[in-house]
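These are my notebook entries on a structure I looked up. I went through a helix pair, a chain contact and a sheet in turn.

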Protein chains: 2
Amino acid sequence: MSVLVVGSIALDSVTTPTGQHNEMLGGSATYFSLAASRFSPVNVVGVVGEDFPETYKNLLMKNQIDITGIQISKGKTFRWKGEYSGSMNEARTLDTQLNVFQNFSPVIPRHYRNSKWVFLGNIHPELQLRVIEQIENAKLFALDTMNFWIDGYLQMLRKTLKHVQLLIINENEIRMLSGEINITRAVTSVQKMGPSTVIVKRGEYGSLMYHDKSWFYVPGYPESLVVDPTGAGDSFAGGFMGSLARSGKVTTGTLKKAMIYGSVMASFNITSFGPWKLAEITGSEVEQRFKLFRALVALRV
Amino acid sequence: MSVLVVGSIALDSVTTPTGQHNEMLGGSATYFSLAASRFSPVNVVGVVGEDFPETYKNLLMKNQIDITGIQISKGKTFRWKGEYSGSMNEARTLDTQLNVFQNFSPVIPRHYRNSKWVFLGNIHPELQLRVIEQIENAKLFALDTMNFWIDGYLQMLRKTLKHVQLLIINENEIRMLSGEINITRAVTSVQKMGPSTVIVKRGEYGSLMYHDKSWFYVPGYPESLVVDPTGAGDSFAGGFMGSLARSGKVTTGTLKKAMIYGSVMASFNITSFGPWKLAEITGSEVEQRFKLFRALVALRV
């Protein structure tokens, strides 16, 4: 079954301690799509400018990603410039040029509308709600957000969250959204806003899911030599949603496996610049890494 | 089999967002001993002043902790005053009065000398080496250290590490000791200094062990409502060493279980001020929490 994703598509210029690359394919919808496409077909909704390179479009299309939903607007593609240093846990934004992304309003193509697995990437909560309204029979709406929206558009975000079953959010941001420092309390508070399942992303430390009154933890993969952490969270979300769509159902078991597949995709993604690694890895590499994730917590190997 | 610990014994005054307590029983050897004593008898070596309360001595003695090795020196007991705020990951030290601890030189009582399981708490690496020289047939020397010794006494610390099989260290401190940001590289570099097994403590995120070419991960326990994080690392080390001593041998299996028991003890300790919780919990509470730690990472419950 297809996954639908709405989010940003960008040209990223990134500096890390290991190097510097300009105008790479970037954006939350891009990383998400390439990660999800290892498991399921993907329908992507976003906007680019007239300068968006053909080679980038081709890369998406070659990976069972339907790009009918990418609008091409007059003007330039969204550009982001950032830098990582030290343990690379957080990017320092050097420059943001929203360009065509500034006036983005998601339009869902007719043949996307009965998508069952919908991921609302980190965009304005009002646009996220507009997507929800255009979808007919979703099995699961998952949503990502960030401090900017929590800070400035909380009422709108809470309105949108009422329609969402799964929230995927950074640790700092769930603290901000809930006003609670303790993670258990933060999750309980967020559940009252709508999502019954909550995934807290903790960067290199892994991620934590609360579902059906119990926790599930997937650590970060300690062997990854981090080259460029850009898109780690979106690769996680893509692997998660792609794997869930492939399984076809939401159970505690499929959610737990999806957490591991998400972590697998993120662990590959961060070992090189840009999202290309996501398109290169084979199914057997994914399965092998899945087993390594299990071995990390196994009492007996 | 007994565990031997050498470390600080202090009177702690601690402020956290939930309250303030003065002159509580504190110090690395204290938290370690009370946690280890749930699993094995403990021999403790340290120093206190003439003002050290009898009730604190009695608490240790009532918990199968042999305090023959605690010297009583003229003067006052080591005092530490600290404050935690926000997510309480790090203490802000408000005041340190070393008092009798300043001239501490560990003397190992004769009946401690054939201890098999030896934990060298976070003290001057030269004193740690002096302890090693007094022990006759240890099965395992484990060592903790901190930025202060890494910064100021690196050559001495490296000399001591040559005799140590297990290093238990904070994430920031292993980065400092190794000069490597990546955890895999940091551990590989530290193994060349002596310890074949390395445990990296990550505060609320849990801990990570590298042993026999593979990783083992234990997450933090998300349900703990943190009241006072003081002694979390020492409770972890105590639960770890106590459980290892109880098992009587060092294998991948006993080390992994010890990691979980260490995490169990830390998860209890942080839910109240001071180390008293460690003395109160029952064996069945420990086993129940052990199972909850396993459930955190289990695909099927």
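Which residues in α8(B) meet which residues in α9(B)? I looked this up in what is a predicted model.

**Entry 1: the helix pair**

From α8(B), I noted A232(B), S235(B), F236(B), A237(B), G238(B), G239(B), F240(B), S243(B), L244(B) and S247(B). In α9(B), they meet T254(B), K257(B), A258(B), M259(B), Y261(B), G262(B), S263(B), V264(B), M265(B), A266(B) and N269(B). Sorted by class, this contact of α8(B) with α9(B) has 11 nonpolar, nine polar and one charged residues.

I then turned to the geometry. Two packed helices are described by the angle between their axes and the distance between the axes. Here the axes of α8 (residues 232-247) of chain B and α9(B) come within 7 Å, and they cross at roughly 140 degrees. I therefore recorded α8(B) and α9(B) as oblique to each other; antiparallel would have required an angle over 145 degrees. The crossing of α8(B) and α9(B) is right-handed.

**Entry 2: the contact between the chains**

I next asked how many residues of chain B are in contact with chain A. I found 25 residues of chain B in contact with 25 residues of chain A. On the side of chain B that touches chain A, the elements giving two or more residues are α7 (183-191), β13 (214-218) and α9 (252-269) of chain B. Of these, β13(B) gives the most, with four residues. By class, I noted 15 nonpolar, six polar and four charged residues on that side of chain B.

**Entry 3: the relation of the copies**

**Entry 4: a sheet in chain A**

I traced an open sheet of four strands in chain A, in the order β3-β2-β6-β7, with mixed pairing. Which strands stand at the edges? They are β3 (19-26) and β7 (92-97) of chain A; each has a single partner strand, so one side of each is left without a neighbour in the sheet. The twist from one strand to the next averages 15 degrees.

For one pair I went further. Strand β2 (residues 10-16) and strand β6 (residues 78-83) of chain A pair in the parallel sense over six bridges. I noted that T15(A) has E83(A) in β6(A) as its bridge partner.

Notes. Residues are numbered from 1 along each chain as its sequence is written. Chains are lettered from A and ligands numbered from 1 in the order in which they are written. This is a predicted model: local features need pLDDT of at least 70, side-chain atom pairs count only at pLDDT 80 or more; totals for chains, interfaces and linings use all residues. Two strands pair if DSSP finds at least two bridges between them. Axes are lines fitted to C-alpha atoms, for helices over the stretch in contact, and angles run from 0 to 180 degrees between N-to-C directions. Two residues are in contact if their C-beta atoms, placed from the backbone, lie within 7 Å. Ala, Val, Leu, Ile, Met, Phe, Trp, Tyr, Cys and Pro count as nonpolar, Asp, Glu, Lys and Arg as charged, and the others, Gly among them, as polar. Angles under 35 degrees count as roughly parallel, over 145 as roughly antiparallel, 65 to 115 as roughly perpendicular and the rest as oblique. A crossing is left-handed if the near helix is turned anticlockwise from the far one by less than a right angle, and right-handed if clockwise.
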